[in-house]
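Biologist: I have not seen this structure before. Could you take me through it by question and answer?

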Amino acid sequence: MLVVVIAVLALLVVVMTIAVVDRRRHENALLVLRTEHERVLAAHHDLAHIATHDAMTGLLNRGGFMTRLEQTLEAAASTPPRPIAVLFMDIDRFKSINDSLGHGAGDQLLQVMGRRITAVLPDGCTAGRLGGDEFVVVMDDATNIDRVVAIAERLARSIGEPLELAGRLVRVSASVGIAIGPEIDDTPSSIVGFANAALHRAKDSGRDRIEVFTPAVRADMQRRASEERALRRSIDAGDVVPFFQPEFDATTGRLVGAEVLARWLKKDGTIAKFYEKWFNKKPGPDDLAVVITPGYGVPGMPGYDPTPHELKCN
């Protein structure tokens, strides 16, 4: 009888030991699974961050910013609707920094700019870097345009503070373009494009300025696009013709050559210089070359070639 009792007790001990071991194995397995799950979640978060953020500055990259802008536009369309603002800025003469101090200094400047932009932005604003020295900000409430301009001025002042690059004290400036939206049919890309157009107006006006995209700017963009299409059609139709402007020796009065100029012969018989018809201003360096697609050209002009080339406008 005693032997049976001892055997039963021994069996119970074995069963309990097995149960404890199984429980510990189960707990260890759960711990391993939990740890692996957390690791996978962390890796997923890191990958999502890498996919939507700029490695140089830590700001949203182009894709991340456009997604954020789309979300802001959707929220702005709710009831009651509210305007939003996009600020588009870049560093004036950034290329000269790269050329004179090296690309390492340029990268350092971009990192500093990213930190300065983040530091001065109030709640309700999200910053991103589209590429190069192009930075953008979306404001989810632009009801007060004066507040929007004040934030742009604060950004420009912060960017303009001196900093040390490659052992030299450097001061830069920034130009800022502002677009307020949305209007009917506005998209994230179109609003960014409007802010970029305002930025270019700021640069054309002397840099280190802030410009707001207005109906007049929109009309100017539409006019330029319309005139560009008309110019290309006129070249195809042979309405752009060569004019020869004689050149004389000032001392002898003798004809020594001629300058060939392209002129737009309009349907009403009048003649216009390209910039009078197309640019509505004296062209700047970026306006002087019009890229002509294959098959276009000005017959009779020296060097005429049906392959892609540049037509110089005077």
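Modeller: Two strands count as paired if DSSP finds at least two bridges between them. Please keep in mind that this is a predicted model.

Biologist: In which sense do strand S1 and strand S3 pair, and over how many bridges?

Modeller: Strand S1 covers residues 84–91 and strand S3 covers residues 134–139. Within this pair, Leu-87 stands opposite Val-137 in S3. The sense is antiparallel, and the number of bridges is 6.

Biologist: Which strand joins S1 over 8 bridges?

Modeller: The two strands run antiparallel. Met-89 has Val-176 as its bridge partner there. The strand joined to S1 by 8 bridges is S6.

Biologist: In what order do the strands of the open sheet lie?

Modeller: S6 also pairs with S7, in the parallel sense over 3 bridges, and Gly-177 has Glu-211 in S7 as its bridge partner. The edge strands, each pairing on one side only, are S2 (125–131) and S7 (210–212). The sheet has 5 strands with mixed pairing, in the order S2-S3-S1-S6-S7.

Biologist: Which element gives the most residues to the largest nonpolar core?

Modeller: This core has 34 residues, and those with the most contacts inside it include Leu-87, Met-89, Ile-117 and Val-137. Among the elements that give two or more residues to this core are S1, S3, helix H4 (103–120) and helix H5 (145–159). The element that gives the most, with 7 residues, is H4.

Biologist: Over what arc do the buried residues of helix H7 lie?

Modeller: H7 (residues 215–236) has 22 residues and reaches 32 Å from its first C-alpha to its last. Its buried residues are Val-217, Glu-227, Ala-230, Leu-231, Ser-234 and Ile-235. They are on the same side of H7, because they cover an arc around the axis of only 145 degrees.

Biologist: Which residues are exposed on the other side of H7?

Modeller: Exposed means over 50% relative accessible area. On that other side of H7, the exposed residues are Pro-215, Gln-222, Arg-233 and Asp-236.

How values were computed. Residues are numbered from 1 along each chain as its sequence is written. This is a predicted model: local features need pLDDT of at least 70, side-chain atom pairs count only at pLDDT 80 or more; totals for chains, interfaces and linings use all residues. Side-chain values use heavy atoms; hydrogens and water are left out. Helices (H or I, at least four residues) and strands (E, at least two) are DSSP runs, numbered from the N terminus. The expected span of a helix is 1.5 Å times one less than its number of residues. Buried means under 20% relative accessible area, exposed over 50%, partly exposed in between (1.4 Å probe, protein chains only). The arc is that of the directions from the helix axis to the C-beta atoms. A nonpolar core is a set of buried Ala, Val, Leu, Ile, Met, Phe, Trp, Tyr and Cys residues joined through side-chain atoms within 4.5 Å.
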